[in-house]
Amino acid sequence: GAWLESRSPLILCGPPGSGKTMTLTSVLQSVQGVVLASLNFSSRTTPEIIMKTFAQYCIYVRKGKDIVLEPVESLGASSWLVVFCDEINLPEEDSY
């Protein structure tokens, strides 16, 4: 409960097959007001795929000199958008 209430970033580490993804998604999907945006990384993951996922849940907003992504209003003001990144160690290395 304390982590959910604090809305802090979280990294789960453990061996393959230990249930990290299943446990976290099960908990998050059971919490009212949580909207789960899943990004499952692989060697085929491209920036375009990531941005397409964000486009389903976010809009671009100018904040001073910056442009940031914010959750779309249709999610509801009391909703919490959680971006879940799975297998982040799998993307292919950049050429630069």
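Modeller: Partly exposed means a relative accessible area between the buried limit, under 20%, and the exposed limit, over 50%. The model discussed here is predicted.

Colleague: Is Arg7 buried, partly exposed or exposed?
Modeller: Arg7 sits in the loop between helix H1 (2-6) and helix H2 (20-30). Its relative accessible area is 49%. Exposed would need over 50%. Arg7 is therefore partly exposed.

Colleague: What is the phi of Arg7?
Modeller: Arg7 is a residue other than glycine, yet its phi is positive. The value is near 55 degrees.

Colleague: How many disulfides does a search of the whole structure find?
Modeller: A disulfide needs two cysteine sulfur atoms within 2.5 Å. The search of the whole structure finds zero.

Colleague: How far is the nearest cysteine sulfur from Cys13?
Modeller: Cys13 is in no disulfide. The nearest cysteine sulfur is that of Cys85. The distance is 13 Å.

Colleague: And which cysteine has the sulfur nearest to Cys58?
Modeller: Cys58 is in no disulfide either. The nearest cysteine sulfur is 12 Å away. It belongs to Cys85.

Colleague: Are Cys13 and Cys58 buried or exposed?
Modeller: Relative accessibility is 69% for Cys13, so Cys13 counts as exposed. For Cys58 the relative accessible area is 10%. The buried limit is under 20%, so Cys58 is buried.

Colleague: Why is strand S1 (residues 34-40) called largely enclosed by the rest of the structure?
Modeller: Strand S1 has seven residues. The strand is largely enclosed because, of those seven, the number buried is five.

Colleague: In which sense do S1 and S4 pair?
Modeller: The two strands pair over seven bridges. In one of them, Ala37 has Val83 in S4 as its bridge partner. The sense is parallel.

Colleague: Which side chain meets that of Glu70 in a salt bridge?
Modeller: A search of the whole structure finds one salt bridge. The N to O distance is 2.7 Å, and the cut-off is 4 Å. The partner of Glu70 is Lys63.

Colleague: What are the relative accessible areas of Glu70 and Lys63?
Modeller: Glu70 is partly exposed. Lys63 is partly exposed too. The values are 26% for Glu70 and 44% for Lys63.

How values were computed:
Residues numbered from 1 in each chain as written. Predicted model: local features only at pLDDT ≥ 70, side-chain atom pairs only at ≥ 80, totals over all residues. Heavy atoms only, no water. Helix = DSSP H or I, 4+ residues; strand = E, 2+ residues; numbered from the N terminus. Buried < 20%, exposed > 50% of the residue type's maximum accessible area, 1.4 Å probe, protein only. Pairing = 2+ DSSP bridges.
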